[in-house]
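User: I have a structure open and would like to talk it through with you. Could you help me read it?

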Amino acid sequence: YGKKSLLVCCCAVHSITALLTAFLPYASFYLTARCITGITCCAIHICTYSLGVEWSLPKYRIWPPTFFSFVFSVGMMVVAAVAYLTRGWLQFHLALAIPQILCVPLYFSIPESPKWLLLNKMCILERYRNRSPEDRRYLDLLLDTVGNECQKANALETDTEKVSGFIHFKSATIIMRLFIMSFIGLASALTYYGICFGVGSFGVDVYLAQFFSGLSESPSLLLPLLLARWGRRSFCMATLLLSGTGCLLSLLVSKFCQIPALVMALALMGKLCVQATTCVSLLYGIELFPTVIRQKCVGLVSLCYRMGCIVNAVVAPKGGISVGAMICYSSGPLLGAALCLFLPETSGIPLPDTVQDCERQSTLKLKPTSCCSQ
């Protein structure tokens, strides 16, 4: 069905569910509403990140995920202000629902994925192309990054293999990338939401803790500058290492120094690094998987991310952050950093359309460094 239809439907369901929650303050309905909200949020995140990346030229791909992550952190800070200023269930949920409902009509103006249109709906793509000379020029630039002959071959391949789309998962390259990105997603979610849900257990005011929890993620706007220098793989490794180290240090400080502000600062530093990893890994995952199965692969990685949220309820069932939980929060990112060594660098490379494109991407070759070879 494409990404636009799914995005509009999920945004509409999300806003209606939020509005009904304000008027139906019952536990059973609230749990059902939160389940529906979680499903729609997952789809909204996948579609918005994918559309933002696919409508960007290679050198600008990092800007949509970066901006979305920054707006997400702003939303976390706004939630703290809304919760502090509103009094009662009805006011709080209406303040969250009404802006969503007002924005739903705007989503119909979002264009469909050009890659998906190229493989499935050429007539709609031509309609986009004929809107204006600027649209035609930009689409030509966007689609020519792949090459016309490759596009025709991809379209033919898609037509012949629509019946069995999962045949692409026989590739060892795809399976390895899917496993690594899924593990990074699970570990990132476990650490991120573990600290988010336990933010009130650091010994500071819960509203301030929530506000600073969102504020700690605002430096994500610097990601494009860092990625331009480091690339996707190196940056993911660095942020995962820093995240694991920050969580480990906060555990040590909490046991030996008893300084709540320092413990929270270290934990939020780890959370910032995890958020940066999540932001980049969303872009990284889109670039690692071919167009013909990209949405399936990103969906599976997102499923593992949500599984990390569920596992957190088992790791920290009482809402606090225990020693065992903090060890889990620190060890997962450290192992994920090691697994990044087996992924290729995709910075500035056109999005792959087939499994063969992915297999042609260069992977890590363990060679001695220049200083060692000398």
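User: What are the percentages of helix and strand over residues 174–195, and how far apart are the end C-alpha atoms?

Analyst: Over residues 174–195 the chain is 100% helix and 0% strand, with 31 Å between the end C-alpha atoms. Helices (H or I, at least four residues) and strands (E, at least two) are DSSP runs, numbered from the N terminus. Please keep in mind that this is a predicted model, in which local features need pLDDT of at least 70 and side-chain atom pairs count only at pLDDT 80 or more, while totals for chains, interfaces and linings use all residues. Residues are numbered from 1 along each chain as its sequence is written, and side-chain values use heavy atoms, with hydrogens and water left out.

User: Where does UniProt place the feature "transmembrane region"?

Analyst: The unreviewed UniProt entry places "transmembrane region" at residues 31–53, 65–86, 92–110, 174–195, 207–228 and 235–253. UniProt positions are given in the numbering used here, feature names are shortened, and annotations may be inferred rather than shown by experiment. In the model, residues 31–53 are 100% helix and 0% strand, and their end C-alpha atoms lie 33 Å apart.

User: OK, zooming out: how many helices and strands does the protein have, and what share of its residues is buried?

Analyst: The protein has 17 helices and 0 strands, and 46% of its 374 residues count as buried. Buried means under 20% relative accessible area, exposed over 50%, and partly exposed in between, using a 1.4 Å probe and protein chains only. Among contacts (heavy atoms within 4.5 Å) between residues at least 6 apart in sequence, 81% join residues at least 24 apart.

User: How many residues are in the largest nonpolar core, and which have the most contacts inside it?

Analyst: The largest nonpolar core has 36 residues, and Ile174, Met181 and Cys297 have the most contacts inside it. The elements that give two or more residues to this core are α2, α9, α11, α12, α13, α14, α15 and α16, and the largest share, 7 residues, comes from α13. A nonpolar core is a set of buried Ala, Val, Leu, Ile, Met, Phe, Trp, Tyr and Cys residues joined through side-chain atoms within 4.5 Å.

User: Is Arg177 buried or exposed?

Analyst: Arg177, which lies in helix α9, counts as buried because its relative accessibility is 1%. Not counting residues up to four places away in sequence, Arg177 touches Leu288, Phe289, Leu343, Pro344, Cys358 and Gln361.

User: What about Asp357, buried or exposed?

Analyst: Asp357, placed in helix α16, is buried, with a relative accessible area of 15%. Asp357 and Phe289 are 68 residues apart in sequence and 9.3 Å apart in space, C-alpha to C-alpha.

User: Switching topic, how do the axes of α3 and α4 cross?

Analyst: The axes of helix α3 (residues 63–85) and helix α4 (residues 89–103) come within 9 Å and cross at roughly 145 degrees, where axes are lines fitted to C-alpha atoms, for helices over the stretch in contact, and angles run from 0 to 180 degrees between N-to-C directions.

User: Which residues meet there?

Analyst: Val79, Val82 and Ala83 in α3 meet Phe92, Ala95 and Leu96 in α4, and the residues of this contact divide into 6 nonpolar, no polar and no charged. For that division, Ala, Val, Leu, Ile, Met, Phe, Trp, Tyr, Cys and Pro count as nonpolar, Asp, Glu, Lys and Arg as charged, and the others, Gly among them, as polar.

User: Why does Ala95 count as partly exposed?

Analyst: Ala95 counts as partly exposed because its relative accessibility is 33%. Not counting residues up to four places away in sequence, Ala95 touches Val82 and Thr86.

User: Last one: what surrounds Pro333?

Analyst: Pro333 is found in helix α15 and, at 1% relative accessibility, counts as buried. Not counting residues up to four places away in sequence, Pro333 touches Ala187, Thr191, Leu240, Ser243, Gly244 and Cys328.
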